[in-house]
Amino acid sequence: METKLVYTGKTKNVYALENGNYLLKFKDDCTGKDGVFDPGENSIGLTIEGVGDVNLRMSVYFFEKINAAGIKTHFVSADLENTTMEVLPAKVFGKGLEVICRHKAVGSFFRRYGEYVEEGADLPAYVEMTFKNDAKGDPLVTRDGLEVLGVMTGAQYDAIKEMTQKITKIVADDLAEKGLVLYDIKFEFGYDADGGVMLIDEIASGNMRVYRDGKYIDPMTLSELFFAK
């Protein structure tokens, strides 16, 4: 099938397919700083051989589970040999929005609200959204803000929040079976021609903060543990 490059991303390239869908090509580039991986960074910091492969494998694993649970995603199929995933067309909200679900008060949440909460305190699947904007440091935005700015409707926000909490539970429960604890996870959502919300992008170790026995597990180690027989 003919493909046409339409977007070059930090960790994936996007191609248009003849059938109207898109093809995501996973790369071995990772976000980070000074050669150290950091999922929260906005720039490419290093290249890790095989990271594209494990990110695709984990994404396929979870997308299939989420689809089976009746939650809409953009996932159609994957070609593991070529590190590609076919996805449904979806528009992003605004110029890109990240949705974070937090089970523990760590990272930027704790940096912001440390006066009010202890580090590592339990959070009730707390959902927050940030605009993808490197220059502005990915600013937080509220439900009202998203409506006022015309980025999404209140109904779309409510759908995303509910879907995020359900998906996070699926991921967290799966990790818990492996003795791993999910602290927080980052998603992206889009919408179809009818405005229906769907999960897009990927669900990979680099998008989540996971601990075991109170110790943080870096994404590559997490991928190895996840797929360990």
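The protein contains 5 helices and 16 strands. Both are DSSP runs numbered from the N terminus, with at least four residues (H or I) for a helix and at least two (E) for a strand. The model is predicted: local features need pLDDT of at least 70, side-chain atom pairs count only at pLDDT 80 or more, and totals for chains, interfaces and linings use all residues. Residues are numbered from 1 along each chain as its sequence is written, and side-chain values use heavy atoms, with hydrogens and water left out.

The radius of gyration is 17 Å, which agrees with the value near 17 Å for a compact globule of 229 residues. The radius is taken over C-alpha atoms, and the globule rule is 2.2 Å times the number of residues to the power 0.38. The C-alpha trace spans about 55 × 45 × 35 Å along its principal axes.

Of the 229 residues, 45% are buried, meaning under 20% relative accessible area with a 1.4 Å probe, protein chains only. Contacts are heavy atoms within 4.5 Å. Among contacts with a separation of 6 or more, 53% come from residues 24 or more positions apart.

Strand E7 (residues 75-79) runs antiparallel to strand E8 (residues 84-87), joined by 4 bridges. Strands pair if DSSP finds at least two bridges between them. Asp-79 has Thr-84 in E8 as its bridge partner. E7 and E8 form a hairpin with 4 residues between them. In the turn, Thr-83 has a positive phi of about 55°.

Notes: Buried means under 20% relative accessible area, exposed over 50%, partly exposed in between (1.4 Å probe, protein chains only).
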